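Here are my comments on the model you asked me to look through. They are set out as numbered points, and each can be checked against the coordinates.

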Amino acid sequence: MAAYIVAAARTATGKQRGALRNAHPATLSAAVIDHILASLPSLDPADVDDVILGCVSQCQEQGGNIARHAVLSSTLPISVPGATIDRQCGSSQQAIHFAAQAVMSGTQDIVVAGGVESMTRVPMFSNMPGDKGGPVDAAIAAKFSTKAPFFSQFVGAEMMGVEFGVRRDEMDAFAARSHARAAAAQAAGVFDGEIVPVEGVDTEGAAVAHAKDEGVRAGTTAEKLGSLDTLVELGVATAVAGGPERGAITAGNASQISDGAAALLVVNDAGLKKLGSAATPLARVHSLAVAANDPVLMLSAPIPATEKLLARAGVAIGDVDVYEVNEAFAVVPMAWAKRCGADEAKLNIHGGACALGHPLGATGAKLATTLVHTLQREEKRFGLLAICEGAGTANATLFERC
């Protein structure tokens, strides 16, 4: 049984303390859910079997099962349940996987899958305050020779540069290209069909319609990015063996801290019948995979996840038309492309998180939304999504245009 994506929408991302700084995460989630409902007038909201949202910092405004509160904030009836999941940066991609598996099994027919993160209102690591310990216990500490309460993504990113032979100047050039591609996409209106305008505020606090991703800098160059201090120089990370003494990772060649939400409607054939002939699928979930490897290196797991995915699908990397590999750090998609033999001309063709932002738990659904709309607009067949995740896991998904 197939899993179809019938609708996909997202908010424009907001910078940290930017246009979405006053927006409650439940409100952001409800906005994209309600947009999907409005776009499908034949859908009876009571027919939605579940709402599955990814969210990383599940505390404060994002605590207490934010997915259920998104339902209650939306126009969905209170009879629709909700569940919130955490697979770190791939949380909403995992939400899509769970939704696809549910409808493919026939246990559910219509599921909303998505994610939300307000990194402004619920800062990263809010759910893991350092003075109260972390998830690394004595056995993990001994096994991986660490005294830290959790594995560091910054150290992992520095290690990736060494492991895969990616230099600082190459990372900066990749990040600059991300901004250039994102700026070109914005100018061409590429994202207009996937973005749901929501209420934001300007720098003075006045209400404005927020419908454009913040953080894109059209004039960014590799030379400008090269002038930034590294995280090692700022004292945020430590140099790693075999790497440059000053480090290579900077705020410029890493993802931006962001706010946002995204959602997709995932259905099977029975769900399509309920929606009627007016509902046309955008894409189907062709194959999906998860993988894990070294939690210290952490960020390389998209490579084995992609290899597993393509082997299962019987599709070669060259047969995939578009790749979305999250730019948690520029080195991640660069290393992925190098090891998987992927054509960088197909990679993050409208920019990535270095320019467009990375709202943690929302990113998987955000990138999936962009990917399925790209497949439709450009009449391509296959799109691949892969995301690195904390502690060395990764999701990979292959979408096929309908």
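**Notes on the model**

1. The elements E3, H2 and E4 form a β-α-β unit that is right-handed, in the sense that, with the strands pointing away from the viewer, the path from the first strand over the helix to the second runs clockwise. Helices (H or I, at least four residues) and strands (E, at least two) are taken as DSSP runs and numbered from the N terminus.

2. On provenance, this is a predicted model, in which local features need pLDDT of at least 70 and side-chain atom pairs count only at pLDDT 80 or more, whereas totals for chains, interfaces and linings use all residues. Residues are numbered from 1 along each chain as its sequence is written, and side-chain values use heavy atoms, with hydrogens and water left out.

3. Strand E3 pairs in the parallel sense with strand E5 (residues 110–118) over five bridges, and it also pairs in the parallel sense with strand E4 (residues 82–85), here over four bridges; pairing requires that DSSP finds at least two bridges between two strands. Val51 has Val112 as its bridge partner in E5, while the partner of Ile52 in E4 is Ala83.

4. How many of the five residues of E3 are buried? Five of the five are, so the strand is largely enclosed by the rest of the structure, where buried means under 20% relative accessible area, exposed over 50%, and partly exposed in between (1.4 Å probe, protein chains only). In a regular strand the side chains alternate between the two faces of the sheet. In E3 both faces are covered, with Asp50, Ile52 and Gly54 buried on one side and Val51 and Leu53 buried on the other.

5. Ser57 lies in the loop between strand E3 (50–54) and helix H2 (66–73), and with a relative accessible area of 1% this serine is buried. Leaving aside residues up to four places away in sequence, Ser57 touches Gln62, Glu117, Val122, Pro123, Met124, Phe125 and Asn127, a contact being heavy atoms within 4.5 Å.

6. A search of the whole structure finds zero disulfides, a disulfide being a pair of cysteine sulfur atoms within 2.5 Å.

7. Val216 sits in the loop between strand E7 (207–210) and helix H7 (222–226). Its C-alpha atom is separated by 4.8 Å from that of Ala355, although the two residues are 139 residues apart along the chain. Beyond residues up to four places away in sequence, Val216 touches His179, Ala182, Ala183, Gln186, Ala355 and Leu356.

8. The count comes to eleven salt bridges, each being a side-chain nitrogen of Lys or Arg within 4 Å of a carboxyl oxygen of Asp or Glu. One of them joins Glu344 to Arg177, with the closest N and O atoms 3.0 Å apart. Because Glu344 lies in the loop between helix H10 (331–340) and helix H11 (353–356) and Arg177 in helix H6 (residues 168–187), this pair ties together parts that are 167 residues apart in sequence. Glu344 is partly exposed at 27% relative accessibility, as is Arg177 at 26%.

9. Another salt bridge forms between Arg284 and Glu400, whose closest N and O atoms are 2.9 Å apart. This pair links distant parts of the chain, with Arg284 in strand E9 (residues 283–292) and Glu400 in strand E12 (residues 393–401), 116 residues apart. Arg284 is partly exposed, with a relative accessible area of 27%, whereas Glu400 is buried at 11%.

10. Two backbone values remain to be noted. Arg17, in the loop between strand E2 (14–15) and helix H1 (25–39), has a positive phi of about 60° although it is not a glycine, and it is exposed at 58% relative accessibility. Gln88, in the loop between E4 and helix H3 (91–105), has a positive phi near 55° and is likewise a residue other than glycine; Gln88 is partly exposed, at 29% relative accessibility.
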